[in-house]
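Work through these exercises with the sequence and the coordinates open. Try each task before you read its solution.

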Amino acid sequence: MSMQTFRRKYPTGVNGASPVTFRFNGRQYGGFAGDTLASALLANGVHMIARSFKYHRPRGILGSGSDDPAALVQVGADPARTVPNARATELEIYDGLEAFSQNCWPSLAIDVGSVNDAFGRFLPAGFYYKTFMGPPGNWMMFEGLIRRAAGLGKSPTAPDPDHYEHVNRHCDVLVIGAGPAGLTAARIAAASGARVILAEETPELGGRLLSIEPSSRTMDGQSIAEWLQDTEADLTRSPEITVLKRTCAFGYYGENWVALVESLQDHVPEHARRADLPRHRVWRVRTAQVVLATGAIERPLVFHGNDRPGIMLAGAVRTYLHRYGVLAGRTAVVFTNNDEAWTTAFDLHAAGAEVAAIVDTRDEPGPNVTAKAKSLGIEAFTSATIVETKGRRRLSHMSVMSLDENKQLTGGPRWLYADLLAVSGGWSPNVALFSQSRGRLQFDDTLQAFRPERSWQAERSAGAADGVFDFAACFASGLQAGAEAAQAAGFATDTPQAPACSVDPIDGESGIEPAWDLPSAKPPARTRAFVDLQNDVTSKDLQLAVREGYVSVEHAKRYTTLGMGTDQGKTSSLNGFGVLAGALGKPIADVGVTTFRPPFKPVPFGAVAGQHVGDHFHPRRTTPMHTWHEDQGATFEVVGDWLRARAYPRAGESFEDAVQRECIAARTQTAALDASTLGKIDIRGRDARTFLNRVYTNAWMKLAPGRCRYGLMLNEDGMVFDDGVTACISDDHFHLTTTTGGAAGVLSWMEDYLQTEWPDLDVFMTSVTEQWAVASICGPESWRVVGALLDDIDPNPDAFPFMSHRTGHIAGVPVRVFRISFTGELSYEINVPARYGLWLWQQIMDKGEPHGITPYGTEGMHLLRAETGFIIVGQDTDGTVTPYDLGMDWIVKSSADFIGRRSLTRSDTSRADRRHFVGVLTDDPAIVIAEGSQVIATAEEQDPRTPMIGHITSSYFSPTFERSIALGLIDAGRNRVGERVYIAQRDGEPIPARVTQPNFMQHFGRAT
Amino acid sequence: MFLIPCPFCGPRDQSEFSYGGEAHIARPTEPEALSDEDWANFVFMRSNPKGVFAERWHHTAGCGKWFNVLRNTATDEVLASYKTGEPPPAVAGFQLATPSGEPPIGSGNDGTKVVP
Amino acid sequence: MIDVRWQSPLGHREPLTRGTDVAIVEIAFMTYVILRGQAADLALAVGDTVGLPLPTAVTEANRSETTQITWLGPDEWVISAEPDADEGWMSALEPALDGTHHQLVTVSDQYTTIAVSGAHARDLLAKLMVIDLHPRAFGAGTGVATVLAKAHVWLWHMRDDADGSASFRIATRRSHADYVWCLLAESGREWGLPPQKPIGRVKLHLPHFETSD
Amino acid sequence: MSHYSLLQLARHSLNGHVGWTPAWRSSGLKERYDAVVIGGGGHGCATAYYLAKEHGLTNTAVIEKGWIGGGNAGRNTTIIRSNYLYDASAAIYDHAMQLWKTLGRELNFNVMMSHRGVINLAHDDNEMRQLKRRVEANRLNGVDAEWLDARQVQEYCPIISISPDARYPVLGGTLQRSGGVNRHDAVVWGYARAASALGVDIIENCEVTGLEVQGRDIVGLRTTRGDITCPKVASVAAGHTSVIAKMADIRLPIESHPLQALVSEPVKPIHNCVVMSNAVHAYCSQSDKGELVIGAGIDPHISYTQRGAFPIIEETLAAILELFPIFSRLKLMRHWGGIVDVCPDASPIISKTPVRGFYINAGWGTGGWKATPGSGQVFADLVANDEPNKIAAPFSLDRFTSGRLVAEHGAAAVAH
């Protein structure tokens, strides 16, 4: 194991007492608990860890958190658990961690893909738009190559064994970010009794406080570490606060609905991960108030050769030094356009690194920093810029040149030798969530960055997120925001008391001077100054975009892919806008900003889906008799959310044979169907009849108690959308049934009309779909079974006529029996309270046994009804079919209006040649047409297209007629009865058939 | 995600509701008296405004009532809710001009808003 | 008394519990009756027969030892009773309402009840429900109609115990019960509830189309 | 306009690409045009291109409120297919499909048309029946389409789960091999560049504030950058069609809904075709950059915010994981919304209006992208001749009066 030669000390960030070993690209390294992969690799002197997206250039570590653009690795080799594109600067190391560089082959050091770099000049932004336009399909050749070169990491190839979950949470104040501002905001809000959630992206509270020299400040006389401990203890004492670490607020949506993702296990050694805990948890927070304390993001500088490993953000260098005790290099140069970055030079110097120089683009940096640099003997170049860097896989040296008053190069180069270049172009408030919340931004000239200007939702920014950088001011800003938020949520707070924070003269000083695109000593063709380190977007690419007219910021972004990588442009966007502003010769504010889209940082699909996957994706609704069907080896069909027994094949029997057997039993003896899934609605009220008369196409005013009637429902467009039988229980009480799939829709549709169109009607409706289990017993012998079952109803068809119902008892159990039929056979529908459903079914099987009762499934039911020409809404209709199309003129009343009636007389709806519902009989009785087949008029298909005159909606082999039968919708079908049509076949000759009327019982003279 | 102020249950999460489209489209009392055009106007034509819009929601998983909501479709700001049959409340001081402060650049409303 | 001919929607599930953290158990065969009508027309009859005042606002639920009446909507209530309760109102209410525009429907078989209790009962429900379960918003003795994942449910907050544990009841559609049960178990894994496989993972068959297996 | 080719690319490479010229002229707004197209999306730029190229209407302007291609053109999942059920739909979508095949060459702009195949899955009996009906109709209409059983689905898309234990098991599907994806920005820029070369003015950041109607005729329009006199105005402002129509006091059978989409982080090639499923409601392809491109369902409510509810993203990803369990650890990188104008029959409106000279191309709902070239060409034809050709005719507004709807809900592939 290599030594952590760059580890200086063990500050709060890492636990020097618990060493950790991990592997990177197969090599073993040591680190400490609390390290990120980045800090641990830096401790081991490893800077180059990745390859860029397009040119496959060496990439190192730029930042120290979710801002880093290119330090991406593949975690783990297990095909089910591997994670691509993990950010080394966030990835916490643990014993046994295996990480690999990605987007390189055969190895990180020697990557064939880097030929792209050699050909870089031929591959400017959007090069692919300008070529590969050959003949059709030609592009797909090049596409293959391009796809393979792109794409960063590798997807897992096996299902994810881990689980995820959602948690819903309501609170009064959500504080995002636990830096100085967030901590004080959360503390005062929690003290008010408000429900508070404090979400911190990293494993530790403290934010920037963890990235400064620990001894450089005191708060209320305490050291930073002590103050943080007290504050955390203080917070956890409040009963109504939830402190979430490793939790990123990734989406800020409407009406203060904010989504957070918490990582629970990725930092734990695999052997120690708990199977009972989710890998991630998404907190779906609905909050009254939000405090955005999301801090700021440092920008790199854009100059030729600015992308080598060893070139890092100045603030990140300090974070590695103070939080992780890691020196990012032996000899350092600091390159900046602001005072704040000079601190990095001072801290590095104090930590024992050699600081070769500070290069500042300004001619007059702040007096405090220049004085301090002088006192430390650090050479400072002002009005200067770095024009070139060297070092293949790691920075080795660079050249500096002076800038004249026009910021153009002047004089000769001066070489500086250093393995670390700390750059800073200034800090941008992290306004991503603010912008997602639809707040309005303003470009701040003193910050040279966008900052929150006006809020849209109940939210306020605090601290660096609001452009406040001096620590004392951050505390004050956080306190004020926290107090205001709590008060706005209706909680009284103590008077804000900011901790007395010792002052560093450099605090808050910036004196930043814009430096968006620094001059190069090389000709444009040989200059490459990177803006987006992940997607390899250079300032030249952006200038090219402008040259080619992609001047809108969104066009330039899309043309160059600026900020479209996994970092969503955290460090690159503003620099990009700066370059564009320069090329367009207008201020950045006028250039505008691209949209900050959620999520703030990438979130695993699994976490977004939560626990609602696999077994829990959607409900599987089953009937009270379900277990019996399963025990009998039934096969099922899915109808909406429901599972219905489709047929009951016996051992060694095919599904088709089972269906035939079941249907024969229904026609010759008796058979029973589980019809429990039908929708049922209890309708009550003195205007119930009037209501039914309006929602059904037929007449309901005269239906007597004890009787049933079939009804058809249309939407206002005149198209059939549901049907069913409704029974009159008493003059003001009806029992309405719907299709299985239609139940919920029909009720809400009827409630809609009742509540909004006809509130004057005295009607109440309540769904009783699952109150009743329903068994339908049909067949010539069915009355015997029903008779054997019922205590007190005479099932004799004469005593119990068709389309009537009775209430009675089976072994004392109250039942409703309906004499209705969907099969054309003598048939009884027995309704019992659902708790008796299984028992009833067993009773039917027992009592029916002597009469040869046979359970039959939905397939048989469909077949039997097809023999009688009954429709199934949704199978024989598709939302374009009227009652007339179905030949059901008899069910359309002329006496009164009903929903959809007016549409039936429109010119197209009343055409005589519309598609009619008809029967279709193949010449060859053995051929069963495939459902969905198209009907054509000619014996041969034509070229290039064959006109279609209809299609087949239902098709079966009928045991009753011992031949195939089919139903379909055919143009002017009723006028074609007897005519020859053909059924088109994908493979083979069209099948000749004849059109009949749909009721085969009548057609074959079996009508009862 | 909307927090919908049900007139009977108070503000509730959108997932308890189903949507009913434009409000105040009364079903003609005598459809047969209408021309095909007028009938089509009732069945299909919608105002679909960008701005204040009266729409219907059904508290499907709650009280089961249909009711109306006034919402600014340009910002999704919910302005008021009221019971079926009631007239829409007057909304004062409402400006329609790019109500969501549409960005000077950007085709829709979701662009980042910047002070020009 | 439980009739042997009865079958409850979760009869195939054993109570799930782990220490005092959380427990879920089916309470089978509770009585549920839906009452529709105008409060003014019903209040008297309900008061006389059920012996409870008619709740008038959302989340209101008035309770006696064995009977509870809960506000569902401005013209809708659910009257519920414990499994073994045989209450006078069950037969007395309909006659008492005679002549008023109302609807009284027994839906006991359409629903079953799941009791969720324990120190983490609230946390468990929060993983699946969007309403605010905090005591400030949904105190003991209240009830509401809402959603649990993709299921419509009625939820009651029965009581808070001194030991910090809370008791809730969920009434769910019979055919959604297993879905709700399995989701509760899944969401309770962190407190030791064992994952449950839903029923209904069955053989499907497609006679019309099958061209291979 | 510089010609694009490998040679040109090489030549410009030698001098740092400083020689390239703007793809389209940035032109000022003229006071008078022969025709104005409202909306600089794919359909709008295509309309202008064909007006100039095929009808000689070169004194034409495309008026875009923001930046061209910034509406649905820049927000869709670029799925190209033509496997629609009805003859009228098959005609227009397949016309577009034929144009797609050579569009890159015609425009001299690579639109990256990748004919990698589109699968529409069936998960239950009813879907099997409907897809079977559609695939047969496609075949007879000369649209390339074939039937796959579950095993063949997995052969074509090896990473899809056909587990019978799934809540919605894959039972079969249809495949259109000529279907695929392309590069949305390239299509808009390519059309704008080609139109501009023919003399069309591309006017960005110019919002239409009113239509000038005299009697029953359109005579011009008002914009944030000045008034225009013009005898023909063609609205192709998807997402804002009702807003434009209202300026001429026209009500339309259109409702505007949010439609969301998302991409994952880029990964190496893993998914080589396009998969669509109505039942679980998800569709997914992989971009050339490596991102999984995933479309969600539409939000039920009307909105012009280009924002939808996050739970729709949650449900969409749950559905994606039902089909592709191996994607669970991939990460959602970006999600966004557009505004789709939805017609009651899930078919578009390409029509004259009660106002002479004012034409509407709208209501493509969730599926307009695939029609872009065909839509632009037949609409240009309508605008130029003041009469719909036989491809456009079935999509006239009068179908809502006559009842002759083109009900494509099944084929539109997004639950409405």
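A salt bridge is a side-chain nitrogen of Lys or Arg within 4 Å of a carboxyl oxygen of Asp or Glu. This is a predicted model: local features need pLDDT of at least 70, side-chain atom pairs count only at pLDDT 80 or more, and totals for chains, interfaces and linings use all residues. Residues are numbered from 1 along each chain as its sequence is written, chains are lettered from A and ligands numbered from 1 in the order in which they are written, and side-chain values use heavy atoms, with hydrogens and water left out.

**Exercise 1. Salt bridges**

Task: Find the residue with which C:Asp132 forms a salt bridge, then count the salt bridges between chain A and chain C.

Solution. Start with the pair. C:Asp132 bridges to A:Arg195. Their closest N and O atoms are 2.6 Å apart. Next, count across the two chains: there are 9 salt bridges between chain A and chain C. Over all chains the count is 109.

Now take a pair inside chain A. A:Asp162 forms a salt bridge with A:Arg81, with 2.7 Å between the closest N and O atoms. This pair links distant parts of the chain, 81 residues apart. A:Asp162 sits in the loop between helix H3 (138–149) and strand S8 (164–176) of chain A. A:Arg81 sits in the loop between strand S5 (72–75) and strand S6 (83–87) of chain A. Helices (H or I, at least four residues) and strands (E, at least two) are DSSP runs, numbered from the N terminus.

**Exercise 2. The interface of chains A and C**

Task: How many residues of chain A are in contact with chain C, and how much area do the two chains bury?

Solution. Contact means heavy atoms within 4.5 Å. By that rule, 71 residues of chain A touch 57 residues of chain C. Then take the area. Buried area is the accessible area (1.4 Å probe) that two parts lose on being put together, summed over both. Here it is about 5600 Å², with 49% on carbon and sulfur atoms. Finally, look at the chain A side. A:His616, A:Phe764 and A:Arg835 lose the most area to chain C, together 16% of what that side buries.

**Exercise 3. Two helices of chain D**

Task: At what angle do the axes of H2(D) and H6(D) cross, and which residues make the contact?

Solution. Axes are lines fitted to C-alpha atoms, for helices over the stretch in contact; angles run from 0 to 180 degrees between N-to-C directions. The axes of H2 (residues 42–55) and H6 (residues 184–197) of chain D cross at roughly 25° and come within 8 Å. H2(D) is therefore roughly parallel to H6(D), a class for angles under 35 degrees.

List the contact residues next. H2(D) gives D:Gly42, D:Cys45, D:Ala46, D:Ala48, D:Tyr49 and D:Tyr50. H6(D) gives D:Val188, D:Tyr191, D:Ala192, D:Ala194 and D:Ala195.

Terms used: Parallel < 35°, antiparallel > 145°, perpendicular 65-115°, else oblique.
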